[in-house]
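Here's a quick briefing for anyone meeting this protein for the first time. Have a look at the fold, then read on.

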Amino acid sequence: MEMLLDARKLPEGERVEYWRLAMHKVLQARCHIEPAGNQSFEATMGVLPMGPWNMVEITGTAHTSHRDGPGAEGWVSLMCQLEGLGRMQEKEREALLRPGDICVVAPDRDIVSVRHGRFRQLVVNVPEAELDEALPEWRELTATRLQ
C-alpha cells in the first residue's frame, strides 16, 4: 500500500505544521521545519513499504528540517538526492548533496537537513541489522557524501 502525504492541499498557513506531523508519522522523527524565504512552502511524501524496508520519495521547495533526537528505532536511512541540492549536517560532519549523491542518515542522532530550492529525494529505510551485515562501517559514513 502506498501512502501519499501532500502539504500543497492545505492552506499556506497550515502546511508547515502538517509537514512536521507527516515527518513524525512516517519517519518517527521530532522535527522543526523552517521554510526558506518568502516563497510558498510545498512538500509531498510518497511511502512504499517493501517487506522489511520502505522507500520514501520526498519533493518540495527550499526548507530546513531539524531532527531532534532519534528517528525510527532500528532503522538507518539511505538518502539519495535525485534533483536539486541538499545539505545534511550531523554534529561536525556535513555533506553537500547533488543529484546522484547518497548520504547515510543515522537513526539516533540530531541532524539538520537543508534543501536548497526545489528538490526530489529518495529515502530507503533499512533495518540496522541488515546494513550492519552489508556495510559494517556505515556508522563512519553518516552525513558524508557518497557518489
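Let's start with a cysteine: Cys103 is buried, at a relative accessible area of 0% (buried means under 20%, exposed over 50%, and partly exposed in between, using a 1.4 Å probe and protein chains only). Keep in mind that this is a predicted model, where local features need pLDDT of at least 70, side-chain atom pairs count only at pLDDT 80 or more, and totals for chains, interfaces and linings use all residues. Residues are numbered from 1 along each chain as its sequence is written, and side-chain values use heavy atoms, with hydrogens and water left out.

**Cysteines**
- The structure holds 0 disulfides, a disulfide being a pair of cysteine sulfur atoms within 2.5 Å.
- For Cys103, the closest cysteine sulfur belongs to Cys80 and sits 11 Å away, which is too far for a bond.

**Overall layout**
- The protein chain has 2 helices and 9 strands (DSSP runs numbered from the N terminus: helices are H or I with at least four residues, strands are E with at least two).
- Follow the sequence and you get the pattern β-α-β-β-β-β-β-β-β-β-α.
- Along the principal axes, the C-alpha atoms fill a box of roughly 45 × 35 × 25 Å.

**Inside and outside**
- Out of 147 residues, 44% count as buried.
- Among contacts with a separation of 6 or more, 69% are between residues 24 or more positions apart (contact means heavy atoms within 4.5 Å).
- The chain exposes about 7700 Å², and carbon and sulfur atoms supply 53% of that; areas come from the Shrake-Rupley method with a 1.4 Å probe, and for residues only the protein chains shown count as cover.
- There are 17 positive and 23 negative side chains, with the centres of the two sets 4 Å apart. Lys and Arg count as positive, Asp and Glu as negative, while His and the chain ends are not counted; each charge is placed at NZ of Lys, CZ of Arg, CG of Asp or CD of Glu.

- Met88 lies in strand β6 (residues 75–90), and at 3% relative accessibility it counts as buried.
- Beyond its neighbours within four places in sequence, Met88 is in contact with several residues, including Cys103, Val105, Ile111 and Ala143.
- Val114 is in strand β9 (residues 111–127), and it is buried at a relative accessible area of 8%.
- Not counting residues up to four places away in sequence, Val114 touches His63, Thr64, Leu85, Gly86 and Arg87.

**Two positive phi angles**
- Lys91 has phi near 50°, a positive value in a residue other than glycine.
- You'll find Lys91 in the loop between β6 and β7 (93–97), exposed at a relative accessible area of 67%.
- Ala143 also has a positive phi, near 55°, and is a residue other than glycine.
- Ala143 lies in the segment after α2 (128–134) and is buried, with a relative accessible area of 1%.
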